[in-house]
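Me: I would like to go through the terms used for this model one by one and ask what each of them rests on. Please set the values against the cut-offs as you reply.

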Amino acid sequence: MLDAYQDKRLSRILLWIYSAIVLIFLMLPTLIVVPLSFSSSDLLEFPPRAWSMRWYEAFFSSPAWMAGLRTSLFLGVSTAAIAVPVSFLACFALNRIGGRRAAAIYGLLLSPSVTPGILLAIGLFFVLAKLGLLGTLLGVLAGHVVLAIPVAVIVLHPALKRFDWAQTQAARSLGAGWFRTMIGIILPQLGLSLATAGLMAFLTSLDEVVISVFVANGPNSTLPKLMFISLRDQIDPTIAAISTLWTVLISAIVLFLNLRERDQTA
């Protein structure tokens, strides 16, 4: 019996070591980028020979970078505001339909997530060109929403499947309409799932570059597209500063939601 306990303890230790190695491997590029952003050199060098805030100043003083930042944040918020309600209503309908039809529709909703990004971008390019939306903010938003809906559906579909629908039946039997039932019973209990879906949709839009390269141009270019172009044309340490700020922003949002989830479950 003692031997079995020791084997189990050894397995847990090995699992923790393996997890730590994987985490370090995933985080190492980010940890290297952070000191690069404080280098005073005109080139990307690690470790920095001298420290400076010049690349953060270059980012915040650049009209082009600031325009890209505003565009990306606007698209991220707008994408979440559109994708989450659409995904919620779709998952609600799937739950009511059930059976093979629901499975087929569910697969259709997830199809953008399994389609190669380059093929999806090319398809959107020709569709938006036909509609006269190529290069417009609305066209870029449409592309981001297409990518964000599968992510939101993956979050919301299990939450709605776990929901106790007997509560809605009780509310309906007491005279409440569907709208009042939705507002008063369903949405409050799914608030955390909706917030998570919104975060995932926001981050999907914030990090999207392939579709933006194809369908965005001029003043509607997103920050990831500008970063891609900058890396392609020249080595600019401003990219390291932007990446560091991007990482801090995303980490802060995720930490906030985790703390909120902990407060609600406590």
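This is a predicted model: local features need pLDDT of at least 70, side-chain atom pairs count only at pLDDT 80 or more; totals for chains, interfaces and linings use all residues.

Me: Which residues of α9 are buried?

Reply: The buried residues of α9 are S193, L194, A197, G198, L199, A201, F202, L203, S205 and L206, where buried stands for a relative accessible area under 20%.

Me: What makes α6 and α9 roughly antiparallel?

Reply: The axes of α6, residues 137-162, and α9, residues 191-207, come within 9 Å and cross at roughly 155 degrees. Angles over 145 degrees count as roughly antiparallel, and α6 is therefore roughly antiparallel to α9. The crossing in which α6 passes α9 is right-handed.

Me: Which residues of α6 and α9 meet, and how many of the residues in this contact are nonpolar, polar or charged?

Reply: From α6 the contact takes in H144, L147, A148, V151, A152, V155, L156 and A159, and these meet S193, L194, T196, A197, M200, A201, T204 and S205 of α9. By class, the residues of the contact of α6 with α9 comprise 11 nonpolar, five polar and no charged.

Me: Why is α3 called roughly antiparallel to α4?

Reply: Helix α3 (residues 63-97) and helix α4 (residues 99-114) have axes that come within 8 Å and cross at roughly 160 degrees. With the cut-off for roughly antiparallel set at over 145 degrees, α3 is therefore described as roughly antiparallel to α4. In this contact A90, L94 and I97 of α3 meet G99, R101, A102, I105, Y106 and L109 of α4, and the residues of the contact of α3 with α4 divide into seven nonpolar, one polar and one charged.

Me: Where does S221 lie, and why does S221 count as buried?

Reply: S221 is placed in the loop between α10 (210-215) and α11 (223-233). Buried requires a relative accessible area under 20%, and S221, at 8% relative accessibility, therefore counts as buried. Not counting residues up to four places away in sequence, S221 touches G68, T71, A216 and L226.

Me: How do you know that T222 is buried?

Reply: T222 lies in the loop between α10 and α11. Its relative accessibility is 1%, and T222 therefore counts as buried, the cut-off being under 20%. With residues up to four places away in sequence not counted, T222 touches G68, T71, S72, L75, V140, H144, E208 and S212.

Me: What makes Q189 partly exposed?

Reply: Q189 is in helix α8, residues 178-189. Partly exposed is the class between buried, under 20%, and exposed, over 50%, and Q189 at 44% relative accessibility therefore belongs to it. Q189 and A159 are 30 residues apart in sequence, and their C-alpha atoms are 9.7 Å apart in space.

Me: Why is I239 called buried?

Reply: I239, found in helix α12 (residues 238-265), has 7% relative accessibility and therefore counts as buried, given the cut-off of under 20%. Leaving aside neighbours within four places in sequence, I239 is in contact with W65, M227, S230 and L231.

Me: How many helices and strands does the protein have, and what percentage of its residues count as buried?

Reply: The secondary structure comes to 12 helices and zero strands. Of the 266 residues of the protein, 36% count as buried.

How values were computed: Residues are numbered from 1 along each chain as its sequence is written. Side-chain values use heavy atoms; hydrogens and water are left out. Axes are lines fitted to C-alpha atoms, for helices over the stretch in contact, and angles run from 0 to 180 degrees between N-to-C directions. Helices (H or I, at least four residues) and strands (E, at least two) are DSSP runs, numbered from the N terminus. Angles under 35 degrees count as roughly parallel, over 145 as roughly antiparallel, 65 to 115 as roughly perpendicular and the rest as oblique. A crossing is left-handed if the near helix is turned anticlockwise from the far one by less than a right angle, and right-handed if clockwise. Contact means heavy atoms within 4.5 Å. Ala, Val, Leu, Ile, Met, Phe, Trp, Tyr, Cys and Pro count as nonpolar, Asp, Glu, Lys and Arg as charged, and the others, Gly among them, as polar. Buried means under 20% relative accessible area, exposed over 50%, partly exposed in between (1.4 Å probe, protein chains only).
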